[in-house]
Amino acid sequence: PILSNRLEVLLGVSTGNLTVSAPPTFKEVKFEIAALEANLETRLPSVLQVAQVVQLSDLSVKLSDNDYTPPATLRDNKTALENAQRNLATIKKSAVTQLRDAARATSNALEQVRLRDNDRDNAEEALKQDQLKFKNGTIARLQLQQTEVAALRSRFTYAQATNLYWRAVAG
């Protein structure tokens with residue numbers, strides 16, 4: 001009841017007939033870093049905003065480059081343009097770095113999912129073998145329970161790795 005009340009508050013809707021479904025099956029998301037980096041300045045609001053500041057500064061320089069505008073204004077506009085261009089270069093580098101870090105984190109999380117899936121399969125196989133051994137009387141109940149706990153732990157770590165992967169993909 002407490003968790004459903006929190007969920008109601010969080011979502012802003014009634015959870016009277018809330019049914020919890022199983023998590024989605026794992027699917028690998030494929031991406032190419034070069035494709036993500038292409039046209040990055042037109043897709044990120046922060047980069048787009050700074051690019052527009054550069055365009056505005058460039059326009060200001062062009063408009064103030066005449067015989068009627070004081071030279072100090074032209075110098076100020078050129079300085080503003082240079083600063084905006086440096087800021088744009090910095091923002092672009094930062095965006096590319098963040099993108100590459102996110103891609104690296106996603107790849108690492110995917111590798112963890114693969115490792116944990118392998119661990120889970122091995123633990124399940126060990127559990128089947130120990131169940132047969134217990135049935136034949138060659139191991140004690142305690143050893144079978146330890147194997148069951150290990151299998152449960154491996155399922156849990158697989159679920160955690162999958163969760164981290166989905167978070168990396170979403171983040």
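Leu127 is buried, at a relative accessible area of 9%. Buried means under 20% relative accessible area, exposed over 50%, and partly exposed in between, with a 1.4 Å probe and protein chains only. Leu127 sits in helix α5. Helices here are DSSP runs of H or I with at least four residues, strands are E runs of at least two, and both are numbered from the N terminus.

Which residues does Leu127 contact, leaving aside neighbours within four places in sequence? They are Leu144, Thr147, Glu148, Ala151 and Arg155. Contact means heavy atoms within 4.5 Å.

## Model and confidence

This is a predicted model, in which local features need pLDDT of at least 70 and side-chain atom pairs count only at pLDDT 80 or more, while totals for chains, interfaces and linings use all residues. Residues are numbered from 1 along each chain as its sequence is written, and side-chain values use heavy atoms, with hydrogens and water left out.

The protein has an average pLDDT of 90. That score is the predictor's confidence in each residue, from 0 to 100. At least 70 is reached by 96% of the residues. Among the elements, α5 has the highest mean pLDDT, at 95. The lowest, 78, belongs to α1.

Helix α1 spans residues 2-11 and is hardly covered. Of its ten residues, the count of buried ones is zero.

## The loop at Asn39

Asn39 also has a positive phi, near 55 degrees, and is a residue other than glycine. Where is Asn39 found? It lies in the loop between α2 (33-37) and α3 (40-43). Leu40 touches Ala95 and Val96, not counting residues up to four places away in sequence.

The largest nonpolar core has eleven residues. They are Leu40, Val47, Val50, Ala51, Val54, Val61, Leu74, Leu81, Ala84, Leu88 and Ala95. At least two residues of this core come from α4 (45-64), and at least two from α5 (71-136). A second, separate core holds seven residues, including Val113, Tyr158, Ala161 and Tyr165. A nonpolar core is a set of buried Ala, Val, Leu, Ile, Met, Phe, Trp, Tyr and Cys residues joined through side-chain atoms within 4.5 Å.

In soluble globular proteins, nonpolar side chains tend to be buried together.

## α4 against α5

Two packed helices are described by the angle between their axes and the distance between the axes. For α4 and α5, the angle is about 160 degrees and the axes are 8 Å apart. Axes are lines fitted to C-alpha atoms, for helices over the stretch in contact, and angles run from 0 to 180 degrees between N-to-C directions. The two helices α4 and α5 are therefore roughly antiparallel. Angles under 35 degrees count as roughly parallel, over 145 as roughly antiparallel, 65 to 115 as roughly perpendicular, and the rest as oblique.

The crossing of α4 and α5 is left-handed. In a left-handed crossing the near helix is turned anticlockwise from the far one by less than a right angle; clockwise makes it right-handed. Gln52 belongs to helix α4. It is partly exposed, at a relative accessible area of 46%. Gln52 and Ala84 are 32 residues apart in sequence, and their C-alpha atoms are 9.4 Å apart.

## α5 against α6

Helix α6 covers residues 141-170. The axes of α5 and α6 come within 8 Å and cross at roughly 160 degrees. So α5 and α6 are roughly antiparallel to each other. Their crossing is left-handed.

Is Ser154 buried or exposed? Ser154 is buried, at 8% relative accessibility. This serine is in helix α6. It touches Asp119, Arg120 and Ala123, not counting residues up to four places away in sequence. Asn118 lies in α5 and is partly exposed, at 43% relative accessibility. The C-alpha atoms of Asn118 and Ser154 are separated by 9.3 Å, at 36 residues apart along the chain.

## The α5–α6 loop

Ala140 is in the loop between α5 and α6. At 47% relative accessibility, Ala140 is partly exposed. Ala140 and Val13 are 127 residues apart along the chain, and their C-alpha atoms are separated by 51 Å.
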